[in-house]
Amino acid sequence: MAAGRPMSRFWEWGKNIVCVGRNYADHVREMQSAAPSEPVLFLKPSTAYAPEGSPVLVPAYSRNLHHELELAVVMGKRCRAVPEAVAMDYVAGYALCLDMTARDVQDECKKKGLPWTLAKSFTASCPVSAFVPKEKIPDPHNLKLWLKVNGELRQEGETSSMIFSIPYIISYVSKIMTLEEGDIILTGTPKGVGPVKENDEIQAGIHGILSMKFKVEKPEY
């Protein structure tokens, strides 16, 4: 770890947020999408981070903002084209993230065959929990994730249901782009995605590990 860059605050200095779409079969079905033969990737900028205590912001151009609950893998060192068998050696830990999505905008992008940047990469589109060292999660494929909106359970899923495993994803991504210390990979969302609006409260957690809470607000501009 570089001096002055604590892993516990990776969102302050990490560069890349790599996201995997359609990695849970039940979510693929609810979105009426085709099951992927390889990971579907997109990116968020580092300004998408919203650590706990800051709000989730509704982009002014969207009328249908959705929550997507995801386990994030935090990279502990630089890696390029790593084999799947050793991929976990490059992991520093984990976090819980929300891939906030302007669903109405994404639907239009899909119709036009355009990238998802407007729908996925806006400011505060990646609410993030505290960092969890990998020693506290011996098996990231044996976790239960949950999300509530205003106290109502919306999403509940198990990481054992991922289509592509975490080592496979790390190896796959690292063959396309070099991953650096502090980068994260969002590993996909289980079913139950749905809308939130201004003043809603989102609570989410990894069962037995952590929880987090966010308020939904409109930006001041």
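This is a chat about a few spots in a predicted model.

Colleague: Let's start with threonine 187. Where is its place?
Modeller: Threonine 187 is in a loop, the one between strand 13 (184–186) and strand 14 (194–196).

Colleague: And is threonine 187 buried or exposed?
Modeller: Threonine 187 has a relative accessibility of 1%, so it counts as buried, the cut-off being under 20%.

Colleague: OK, what lies 2.7 Å from a polar atom of its side chain?
Modeller: That would be the backbone oxygen of leucine 71.

Colleague: Which residues does threonine 187 touch?
Modeller: If you skip residues up to four places away in sequence, the list includes Val20, Asn23, Tyr24, Glu70 and Leu71. Ile166 and Ile169 are also among the residues threonine 187 touches, and both of those are buried residues of helix 4.

Colleague: Oh, helix 4! How many of its residues are buried?
Modeller: Eight of the nine, so helix 4 (residues 166–174) is mostly covered, with buried meaning under 20% relative accessible area. Among the buried ones are Pro167, Ile170, Tyr172 and Ser174.

Colleague: What covers them?
Modeller: Several strands, including strand 1 (17–21), strand 2 (40–44), strand 6 (69–75), strand 7 (91–98) and strand 13.

Colleague: Let's pick something in strand 1, then. What about cysteine 19, buried or exposed?
Modeller: Cysteine 19 is in strand 1, and it counts as buried because its relative accessibility is 1%.

Colleague: What is cysteine 19 in contact with?
Modeller: Leaving aside neighbours within four places in sequence, cysteine 19 is in contact with Val40, Leu41, Phe42, Lys44 and Leu186. There's also lysine 120, which is 101 residues away along the chain, yet the two C-alpha atoms are separated by 9.7 Å.

Colleague: New topic: the largest nonpolar core. How many residues does it have, and which have the most contacts inside it?
Modeller: It has 64 residues, and Phe10, Ile170 and Ile184 have the most contacts inside it.

Colleague: How does the lining divide up?
Modeller: Seven nonpolar, two polar and four charged residues.

Terms used. Residues numbered from 1 in each chain as written. Predicted model: local features only at pLDDT ≥ 70, side-chain atom pairs only at ≥ 80, totals over all residues. Heavy atoms only, no water. Helix = DSSP H or I, 4+ residues; strand = E, 2+ residues; numbered from the N terminus. Buried < 20%, exposed > 50% of the residue type's maximum accessible area, 1.4 Å probe, protein only. Polar contact = N/O pair within 3.5 Å; in protein donor to acceptor, adjacent residues only side chain to side chain. Contact = heavy atoms within 4.5 Å. Core = buried A, V, L, I, M, F, W, Y, C linked by side-chain atoms within 4.5 Å. Nonpolar A, V, L, I, M, F, W, Y, C, P; charged D, E, K, R; others polar.
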